[in-house]
Amino acid sequence: MAGLFDLFGRTSGGTTAGGGAKTEAARGPVAAPASGEMPAGVLAGIMQDVQLSIPSILDHAALYHGDREIVTRTIEGPIHRTTYSDIHLRARKVSQALRRLGAKPGARVATLAWNTYRHLEAWYGIIGMGGVCHTINPRLFHDQIVYISNHAENPYIFTDVTFVPLLEQVAPHLTHLKGIIVLTDRAHMPASSLKNLICYEELIGAEDGRFDWVRLPETAAAGLCYTSGTTGNPKGVLYSHRSNILMMLAAGVGDGMPLRSRDSVLAVVPMFHANSWGLVYSAPANGAKLVLPGMRLDGPSVYELLTGEKVTMTAAVPTVWLMLLQHLEANGLDLPVLERVVIGGSAVPRRILEAFEDRYGVEVIHAWGMTETSPIGTLCVLRHDQIDLPREEQVRVKLKQGRPIFPVELKIVDDADKELPRDGRAFGRLMIRGPFIAKGYFKGEGGVPLDAAGYFDTGDVATIDPKGFMQITDRAKDVIKSGGEWISSIEIENIAVGHPKVAEAAVIGLFHPKWDERPLLIIVPKPGESVTKEEILAFLEGKIAKWWMPDDVVFIEEMPHTATGKIQKMALREQFKDYVLPTAK
Ligand code: AMP
């Protein structure tokens with residue numbers, strides 16, 4: 001390895017065990033990416049310029065996997081079964097219908113819907129007619145939905161019957177809205193005060209499906225998803241055909257979240273949250289059976305689909321898996337068919353990892369990403385030289401967020417933007433670069449979020465170890481600065497939720513006259529359990545550095561969550577802003 005770098009006249013300072021511990025000095029200066037323009041004297045390759053196109057995924061699925069099933073727990077109740085052939089036909093009917101309604105290529109047509117086959121058809125139908133599929137998170141506050149929909153200028157919104165009451169409240173404020181298409185049949189159309197409700201089945205029932213997808217350059221926008229906007233207004237991340245397909249291919253490699261035609265995949269992660277981590281693309285592209293849970297994400301409902309549909313791979317945030325694991329434990333159930341579970345959105349707590357892997361024999365793949373990264377940035381799969389490690393060491397690796405999927409590049413930097421060593425100890429702002437990472441936001445909101453070398457600032461704080469495994473220690477705004485040193489709130493939280501009586505834990509920094517900030521640990525006990533501060537502190541003892549020990553532990557009944565299921569630290573800081581730590585008195 002060192003020899004190879006020597007070829008380029010660089011030193012390999014900082015290299016350790018894994019051969020991958022390169023600081024900026026070892027890797028050479030980080031150049032800005034090439035522009036795509038051909039310099040004079042350089043030959044262009046003589047290969048086809050076929051443009052990557054999202055609807056072609058469905059063409060492929062219909063041609064090679066036409067009879068493969070898509071199973072939905074419908075909003076109306078019963079389980080519904082269809083095939084990629086049928087989805088292909090009905091998606092083209094959606095395109096035709098949107099055209100008939102006057103939607104033009106480039107239109108941002110919204111969906112405000114659960115994961116169902118009709119949502120999937122609408123998704124491909126919108127993109128297939130040259131539009132941009134704009135997924136709206138129904139868990140957002142009403143005024144955020146109004147802001148987002150107006151900002152995107154949605155002419156139409158596809159929605160489920162369950163969200164009609166929500167739309168009755170917000171629709172009067174939607175300035176560009178022409179119609180709301182309810183994803184159901186005539187028999188289930190709700191009575192509503194809304195005048196412009198359209199029945200989905202009637203709308204597409206009037207079409208024959210003879211529609212050629214609109215062909216666009218691969219850089220054309222295809223998807224739009226707004227960040228949750230904890231500070232200021234939500235900002236729109238505008239995906240292209242190219243970025244979404246490249247993300248799917250990059251995440252589909254062996255050490256990623258690959259799918260095979262023999263797989264049955266349960267997409268618990270919502271389609272409205274960053275492309276359901278690519279499953280809406282990778283399942284049809286690989287001919288995997290796709291299982292869509294509708295609105296029921298509780299333990300028993302998820303378990304029923306996992307077993308009934310012989311699911312081999314699934315993906316969701318930790319909260320969903322906590323509900324499932326509780327259900328399994330309470331009822332003495334097993335997961336004999338499930339092979340892999342992808343977990344991301346928040347850090348995987350040790351107890352979830354150990355339950356899946358050690359108790360149920362299901363491999364956990366820890367994923368990190370964000371709306372701006374399409375969303376997969378890193379996946380945690382053991383390297384060749386970690387397969388035979390003692391279990392405890394493997395667990396410590398698997399709790400990290402993992403290695404970037406090629407061709408994503410990562411680095412960590414300090415406050416002066418200087419790259420920090422990849423030693424697993426130094427932590428700094430996590431920066432990311434790649435062909436499916438956002439370079440800005442829709443309509444230029446928020447300016448240019450890139451550094452001089454084209455890296456996007458994730459707002460996360462992380463370490464990168466010598467073998468390339470990245471570990472998030474905090475959001476930059478949540479980091480606790482005690483006496484000039486940083487304390488990782490995530491690490492303390494992860495250990496605290498390992499206590500058998502703890503349901504959820506959050507750590508925030510509170511003012512301290514000597515140390516600037518000290519950690520306060522906030523706990524929600526499991527239902528029916530009571531636990532003391534002393535028990536919690538004794539549990540943490542020896543698992544974290546002494547100076548990381550929280551100065552106090554408080555108990556609350558309910559944790560505030562964001563629309564994407566993350567603990568809302570801002571709300572906690574507000575709630576405890578007048579709280580004085582016993583050490584600060
Ligand atoms: P969103 O754009 O809503 O998907 O949120 C992205 C943010 O979620 C990231 O910047 C991280 O702060 C957090 N996040 C996502 N995955 C993980 C993970 N595996 N561990 C810790 N934090 C995560």
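**Asking what the labels rest on**

Reader: Where is Trp277 found, to start us off?
Author: In this predicted model, Trp277 is in the loop between β10 (264-267) and α10 (279-286).

Reader: What makes the phi of Trp277 worth a mention?
Author: Phi of Trp277 is near 55°, a positive value, and the residue is not a glycine. Most residues other than glycine have a negative phi.

Reader: How do you know that the peptide bond from Ser374 to Pro375 is cis?
Author: Look at omega: going from Ser374 to Pro375, the angle is near 10°. Pro375 belongs to the loop between β14 and β15. There's also a cis bond joining Phe406 and Pro407, with omega about 5°, and Pro407 is in the loop between β16 and β17 (409-413). Most peptide bonds are trans.

Reader: Why are β14 and β15 called a pair?
Author: Pairing takes at least two bridges, and β14 (residues 363-369) and β15 (residues 376-380) have 4, so they qualify. The two run antiparallel, and His366 stands opposite Cys380 in β15.

Reader: What makes β2 and β16 edge strands?
Author: The sheet is open, with 9 strands in the order β2-β1-β11-β10-β12-β13-β14-β15-β16 and mixed pairing. β2 (79-83) and β16 (403-404) each have a single partner strand, so one side of each has no neighbour in the sheet.

Reader: Why is the contact of Glu304 and Arg73 called a salt bridge?
Author: The cut-off is 4 Å from nitrogen to carboxyl oxygen, and the side chains of Glu304 and Arg73 come to 3.3 Å, N to O, so the pair passes. Glu304 is in helix α11 (residues 299-308) and Arg73 in strand β1 (residues 69-73), so to speak distant parts of the chain, 231 residues apart. By this rule the count is 42 salt bridges.

Reader: How do you know that domain 2 and domain 3 touch, and what is between them?
Author: The protein is split into domain 1 (1-49), domain 2 (55-464) and domain 3 (478-584). With heavy atoms within 4.5 Å as the test, 18 residues of domain 2 are in contact with 14 residues of domain 3. Together the two bury about 1,400 Å², 59% of it on carbon and sulfur atoms. On the side of domain 2 that touches domain 3, there are 7 nonpolar, 9 polar and 2 charged residues.

Notes: Residues are numbered from 1 along each chain as its sequence is written. This is a predicted model: local features need pLDDT of at least 70, side-chain atom pairs count only at pLDDT 80 or more; totals for chains, interfaces and linings use all residues. Side-chain values use heavy atoms; hydrogens and water are left out. Domain bounds come from an automatic or database domain assignment. Buried area is the accessible area (1.4 Å probe) that two parts lose on being put together, summed over both. Ala, Val, Leu, Ile, Met, Phe, Trp, Tyr, Cys and Pro count as nonpolar, Asp, Glu, Lys and Arg as charged, and the others, Gly among them, as polar.
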